[in-house]
Amino acid sequence: MREVLSRSYFAGPTVEVARSLIGKYLVRENGHGQIAGKIVEVEAYVGSEDKACHASKGRTQRTDVMFGPPGVAYVYLIYGMYHCLNVVTEGEDFPAAILIRAIEIEGRLIDGPGRLCREMGIDRTLNRIDLTQGDALWFEDRGQSVSKKAIGTFPRIGIDYAGEWANKLWRFRMQSETGAGRKTR
DNA sequence: CGTACGATAGTCT
DNA sequence: GACTATCGTACGG
C-alpha cells in the first residue's frame, strides 16, 4: 500500500495529525530522481493563541499561507541560512502547521529541520505548493503502523520566548528501531 | 562528554 | 534595528 496523503488528512486537529505523521513517508522528486524518507520527528504549531506559532504575530505576508487551506507547504528561511519545511493543517482561517524535524533515509538519520531541507533540496521556491498532488513533494502512507507507545512526546525546541506555550508537549519523536537518533537534543 | 558562540538574511517594528 | 521553529565548530573538563 502506498497512498498520497490527501487534503482532508491534514484538515484534522494539528496535534493529532502531527502524531499520526510519525512513520509516514516524505517524498521529494526533482528532475533527477526521487528521495523518500520515513518521518521520525515533528512539531505542532497551533493557532494564533500559540505564542510559539509564527501566526501568533498576525497575518503577514510570511504567515499568510498558514491561514489558507491544509495540505500546503509553508517553507521559510531561518537564521539567514537554513530552511524549515511545514505542512499547513486545519481549516481556512485557522493558522496552524506541522514542522518536519527529522527523517530516516535508507537507515540514515537526518536529524534537524535545516539539515533535512538541505538533504532533500527544499527551499522557498517550494513555499505554498500543494503537497497533496504527488508532485515535487508529498507525503505517503506506506502501510507501516507505528504504535502510540513507540512515539515519545517532548517540549518544542527553540521557543523559550513563548511562555507557558513552551511547555506544551507538542513535539513527537519515534524511538528508533535502529538505535540511530537516540539523541533528543 | 558538555556548553558557547558566530554565521547570515529575511521579516517585522 | 532587533530578532530568529538552526547548525557547525571551538574550546573546557
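These legends describe close-up views of a predicted model.

Local features need pLDDT of at least 70 and side-chain atom pairs count only at pLDDT 80 or more, while totals for chains, interfaces and linings use all residues. Residues are numbered from 1 along each chain as its sequence is written, and chains are lettered from A and ligands numbered from 1 in the order in which they are written.

**View 1. The fold of chain A.** Chain A has three helices and 10 strands; helices (H or I, at least four residues) and strands (E, at least two) are DSSP runs, numbered from the N terminus. Their order from the N terminus is β-α-α-β-β-β-β-β-β-α-β-β-β. The C-alpha atoms fill a box of roughly 40 × 35 × 35 Å along the principal axes.

**View 2. The buried side of α3.** Pro113, Leu116, Cys117 and Met120 of α3 are buried. A residue is buried if 20 or more other C-beta atoms lie within 10 Å of its own, exposed if 12 or fewer, and partly exposed in between, with C-beta atoms placed from the backbone. The four cover an arc of only 95° around the axis, so they sit on the same side of α3. That arc is of the directions from the helix axis to the C-beta atoms. Their cover includes β2 (25–30), β3 (33–46), β5, β6 and β7 (108–111). Just after α3, Gly121 has a positive phi of about 65°.

**View 3. Arg124 in its loop.** Arg124 lies in the loop between α3 and β8 (137–141). Arg124 is exposed because 12 other C-beta atoms lie within 10 Å. Beyond neighbours within four places in sequence, Arg124 is in contact (C-beta atoms, placed from the backbone, within 7 Å) with Val75, Tyr76, Leu77 and His83.

**View 4. The surface near DNA strand C.** A residue is near a strand if its C-beta atom, placed from the backbone, lies within 6 Å of it. β5 (82–88), β6 (96–105) and α3 (113–120) each supply at least two residues.

**View 5. The residues around DNA strand B.** They are Lys57, Thr60, Gln61, Arg62, Thr63, Leu77, Tyr79, Gly80 and Met81.

Note on methods: Two residues are in contact if their C-beta atoms, placed from the backbone, lie within 7 Å.
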